[in-house]
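The following note concerns side-chain contacts, with attention to charged pairs and aromatic rings. Please read it alongside the sequence and structure shown here.

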Amino acid sequence: MNQKLENAKALYMEGIRDGHARQAVEKYTGERYTQHSTGVKDGAAGFIEFFEPFLERNPIRHIEIVRGFADGQHVFMQAYQSLNNGEYKWVTMDFFDTDANDKIIEHWDVIAEYVGETASGRTQVDGATEITDTGDTATNKALVRAMIEDLLMPNGNLDKADEYIAQDYIQHSVDIADGRDALVGMLTSSERALWYQEIVLLIGCGDFVATLSRTTVDGQEYAQTDLFRVENGKVAEHWDASEPVPAAEELANSGKF
């Protein structure tokens, strides 16, 4: 059991699903709690201020932690949320930083609407969940970093797509079909809108690597989270979520990054 991961899960499940926001944030966060979630202020007080009214507005809460892992001081989690018997459905991808006592001291998230079925016919959360190849974590992290720099950032090298992406690439992104060819088609389109500008966080465990990136879509700044599964030296499966970055005057904290 990794206590950092367990504390992050408990903050979610006890604090939000079970409705004990005040008790959970006091139990599982450290001396500081720096917040990057849109609309939530820093600190335990900011968490309570946001989530106590949230709990009142949404008395029926189903939350499932679909995937999660720790990498050093950082934790990644992917969650599915259904509120009020499906009135609202969300996919949330979260990163946490922790202190020497495994308590949470910083949090980033990206929240996307759950649409059910994607262009590939899959959902945004189904697919592989078991972590394997734990001895390959560093290699897989380096592969994902190089792939983002070459394929997703300006001035990369799209000719290297077959070096990074499996031919039978499994896709959970809403608007992209399965397969390497579908991804390359999107990346080489004259109408391409999405460009990655900076990798803010990159953590991994075995065959899974998660990233938080600063991106632009038609010039609008976005926070983008991606979860990649690596198999046989190539990226074989992908999940994501994106969220527009609020204007500076609309921020409740220091921002998405």
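1. Buried means under 20% relative accessible area, exposed means over 50%, and partly exposed covers what lies in between. Lys-160, at 23% relative accessibility, therefore counts as partly exposed. The model under discussion is a predicted one.

2. Lys-160 forms a salt bridge with Asp-150, with 3.1 Å between the closest N and O atoms. Asp-150 belongs to helix H4, whereas Lys-160 is in the loop between H4 and helix H5 (161-164), ten residues apart. Asp-150 is buried, at 16% relative accessibility.

3. Helix H4 (residues 137-152) also holds Lys-141, whose partner Asp-71 lies in strand S2 (residues 61-71), 70 residues apart. Lys-141 is partly exposed at 22%, while Asp-71 is buried at 18%.

4. A further salt bridge joins Glu-106 and Arg-32 (3.6 Å, N to O). Because Glu-106 lies in strand S5 (residues 104-113) and Arg-32 in strand S1 (residues 29-35), the pair ties together parts 74 residues apart in sequence. Glu-106 is buried, with a relative accessible area of 14%; Arg-32 is partly exposed, at 37%.

5. The whole structure contains 14 salt bridges. Asp-109, Glu-243 and Lys-256 are linked in a network of such bridges.

6. Nine aromatic pairs are found in the structure. The rings of Phe-51 and Phe-54 have centres 5.4 Å apart and planes at 80 degrees, so this pair is edge-to-face. Both residues are buried. Together with Tyr-33, Phe-47 and Phe-50, they form one aromatic cluster.

7. The charged end of Arg-192 sits over the ring of Trp-195, 3.6 Å from the ring centre.

How values were computed: Residues are numbered from 1 along each chain as its sequence is written. Side-chain values use heavy atoms; hydrogens and water are left out. Rings of Phe, Tyr and Trp (its six-membered ring) pair if their centres lie within 6.5 Å; planes under 30 degrees apart count as stacked, over 60 as edge-to-face and the rest as tilted. Buried means under 20% relative accessible area, exposed over 50%, partly exposed in between (1.4 Å probe, protein chains only). A charge sits over a ring if NZ of Lys or CZ of Arg is within 6 Å of the ring centre and within 35 degrees of the ring normal. A salt bridge is a side-chain nitrogen of Lys or Arg within 4 Å of a carboxyl oxygen of Asp or Glu. Helices (H or I, at least four residues) and strands (E, at least two) are DSSP runs, numbered from the N terminus.
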